[in-house]
Amino acid sequence: MERQAIVNEEEDTPLRIAQREQFERVENMMKEAKSDVELWNILETEVLSAVRRMDLDASRSSSGKGQEAQQLVDGQAMEGDQPFSEFQVIGPNYPSFLLIAMRQLRVDFPGSTLGLALLPAIKSLGRGSFALGASTELYNELLAMTWLTYSDFQGLDDLLQEMENGGIDFDTNTLDILDSIKKNALDVRSGRLGEGASAVLDMDRFQRGLRRLQRWRDAIRLRMEAEAIRQAKEYEVQL
């Protein structure tokens with residue numbers, strides 16, 4: 001998802017060129033950030049503040065920015081109008097910017113907790129912001145960060161339930177992350193990572209959390225298997 005810019009020169013339009021130029025400029029700024037706070041400030045200035053100005057939850061009957069924002073969310077914005085709007089430029093880049101920031105916070109600044117503030121920031125900008133910016137990849141990053149930062153089973157359960165309620169698909173990476181978390185938790189419980197850590201996971205709430213994690217893992221695996229079978233049958237019908 002990180003690189004959505006269209007590189008086929010024959011299909012380039014002024015709008016697509018503007019989208020690609022914005023993507024490359026903001027991506028480079030984020031990659032050059034020397035701290036988590038600097039990275040967050042870039043995200044706020046270049047991305048979140050722009051979405052805030054758009055007022056994506058404005059009603060369809062509103063004129064000006066609100067109406068244009070609603071058109072973007074509905075996928076109805078047209079390239080033909082010149083000059084094209086800020087909405088049309090940043091819309092396709094928005095989920096990629098969020099994912100880049102989240103991954104960079106997790107990998108380059110592992111002690112930072114700012115990544116866990118990203119989803120609330122997206123939600124604070126309204127349902128349109130969430131619909132436009134939330135993705136399976138972003139939630140997978142949040143799952144990994146929640147465990148690595150806090151070893152928080154309840155936080156994992158909440159995120160998985162949000163994915164379920166919000167219609168955000170699980171994928172093989174989701175399953176791999178849950179498997180890795182389960183393995184890490186079992187290593188801790190067995191004492192392989194130290195007696196102190198093992199004592200923590202012997203607490204009842206952690207045992208309950210591990211069972212909930214296993215239920216999610218089993219449900220996701222069964223759902224993915226059923227979807228694979230469904231797609232295989234559809235393919236057979238088309239032959």
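A salt bridge is defined here as a side-chain nitrogen of Lys or Arg within 4 Å of a carboxyl oxygen of Asp or Glu. By this criterion, the structure holds 15 salt bridges. The structure is a predicted model, in which local features need pLDDT of at least 70 and side-chain atom pairs count only at pLDDT 80 or more, whereas totals for chains, interfaces and linings use all residues. Residues are numbered from 1 along each chain as its sequence is written, and side-chain values use heavy atoms, with hydrogens and water left out.

Arg-230 is partly exposed at 37%, as is Glu-234 at 39%. Elsewhere, Arg-103, Arg-106 and Glu-141 are linked in a network of salt bridges.

The largest pocket has a volume of about 160 Å³. On a 1 Å grid over the protein atoms alone, a pocket is an open set of points with protein on both sides within 12 Å along at least five of seven lines, and lining residues have an atom within 4 Å of a point; the volume is the space filled by probe spheres set on the points, which are joined across faces, edges and corners. The lining includes Leu-116, Lys-123, Tyr-150, Asp-152 and Glu-162. Helices α6 (118-124), α8 (136-150) and α9 (153-166) each give two or more residues to this lining. The pocket lies between domain 1 (13-55 + 85-134) and domain 2 (153-238), because both give residues to its lining; the domain bounds come from an automatic or database domain assignment.

The structure also holds 3 aromatic pairs, defined by ring centres within 6.5 Å, with planes under 30 degrees apart counted as stacked, over 60 as edge-to-face and the rest as tilted. The rings of Trp-147 and Phe-153 form a tilted pair, because their centres are 4.9 Å apart and their planes stand at 55°. Trp-147 is buried at 6% relative accessibility, and Phe-153 is buried at 5%.

Terms used
On a 1 Å grid over the protein atoms alone, a cavity is a set of points where a 1.4 Å probe fits but cannot get out, and a pocket is an open set with protein on both sides within 12 Å along at least five of seven lines; lining residues have an atom within 4 Å of a point. Helices (H or I, at least four residues) and strands (E, at least two) are DSSP runs, numbered from the N terminus. Rings of Phe, Tyr and Trp (its six-membered ring) pair if their centres lie within 6.5 Å; planes under 30 degrees apart count as stacked, over 60 as edge-to-face and the rest as tilted. Buried means under 20% relative accessible area, exposed over 50%, partly exposed in between (1.4 Å probe, protein chains only).
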